[in-house]
Amino acid sequence: MNENLDNYAGAYEENFKYSLDNRLILKWYPSRIVSKIHFGSLLELGLGHGYTIDQFMDSKKISYYRILEGSKEIIELFKRDNRALNVDIIQTYFEDYDTRDRFDNIVMGFVLEHVNDPATIIVQYSKYLKPGGSLFVAVPNAEALNRRFGYEAGVLKDLEQLSASDIQLGHKRYFTLKKLTKLIHDNGLKVKSVEGLFLKPITTDQIKTLNLTDKILMAMLKVGIHYPELCTGILMEAVVE
């Protein structure tokens, strides 16, 4: 049975506890994808905050752009706050979607932690890639530096432990670099590139108390590129073998 995804819409409001992380990572990773995407069409799974849209459209690389989103409320929140865009938004559960269309780029930005069976989604959507196309996957990392510290300090009983905020977001799991790589390889794809998203040594609340400058926050994003095993998120580009 499919979940009512509208139940998680509150986590996409600005007062959410991790809105700082959301703003940083969700505005950063699209720029990293833009540097790698192919000219042509793009299929994106999940609307979320809608941060990706302007960056993908402004890249001038995308001739056709389709977004799949399961929550009617999240779609309405986005349309309420944004001008009309040349983007085809379809309300559907990822598992239910089918198409004869093929795409040069498919983006799964922080999607696989929400679905019941990540392997099924990888297999299903890799069929929609054009020859030579790329699948971009971003996921939260269980072994992020701040979580490793929390585990060693006894705050986390398990590195893959879900927090109340994870539950609020509808997360079902964390990934590690090893697990994500295995998921890709086991389902007919190979890794083309991998990088980290946001090298975060302390908790979000602690970061807020430090009043760090934008330059320092940006440095945490830039340095993190080279340390995917330690970052809050992992960004991977995969292609069909």
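Before I come to the sheet, a word on terms: two strands count as paired if DSSP finds at least two bridges between them, and strands (E, at least two residues) and helices (H or I, at least four residues) are DSSP runs, numbered from the N terminus. Please keep in mind that this is a predicted model, in which local features need pLDDT of at least 70 and side-chain atom pairs count only at pLDDT 80 or more, while totals for chains, interfaces and linings use all residues. Residues are numbered from 1 along each chain as its sequence is written, and side-chain values use heavy atoms, with hydrogens and water left out.

With that settled, the sheet is an open one of 7 strands, running in the order S3-S2-S1-S4-S5-S7-S6 with mixed pairing. Its edge strands, S3 (88-91) and S6, each pair on one side only. Within the sheet, S5 and S7 pair in the antiparallel sense over 6 bridges, and Ala-138 stands opposite Leu-235 in S7. Helix H2 (residues 51-58) packs on this sheet, where it touches S1 (40-45), S2 (62-69) and S4 (103-109); contact here means heavy atoms within 4.5 Å. The direction of H2 makes about 165° with that of S2, taking axes as lines fitted to C-alpha atoms, for helices over the stretch in contact, and angles from 0 to 180 degrees between N-to-C directions.

Let me turn to helix H7. Which residues of H7 are buried? In H7 (residues 177-186) they are Leu-180, Leu-183 and Ile-184, where buried means under 20% relative accessible area and exposed over 50%, with partly exposed in between (1.4 Å probe, protein chains only). They lie on the same side of H7 because they cover an arc of only 95° around the axis, the arc being that of the directions from the helix axis to the C-beta atoms. On the other side of H7, Lys-178 and Lys-182 are exposed. The cover over the buried residues of H7 includes helix H4 (118-126) and strands S5 (129-140), S6 (189-197) and S7 (233-240).

Finally, the cores, each a set of buried Ala, Val, Leu, Ile, Met, Phe, Trp, Tyr and Cys residues joined through side-chain atoms within 4.5 Å. The largest has 32 residues, and Ile-33, Tyr-65 and Leu-197 have the most contacts inside it. Helix H1 (19-34) gives the most to this core, with 8 residues. A second, separate core of 27 residues includes Leu-180, together with Tyr-125, Leu-135 and Val-137.
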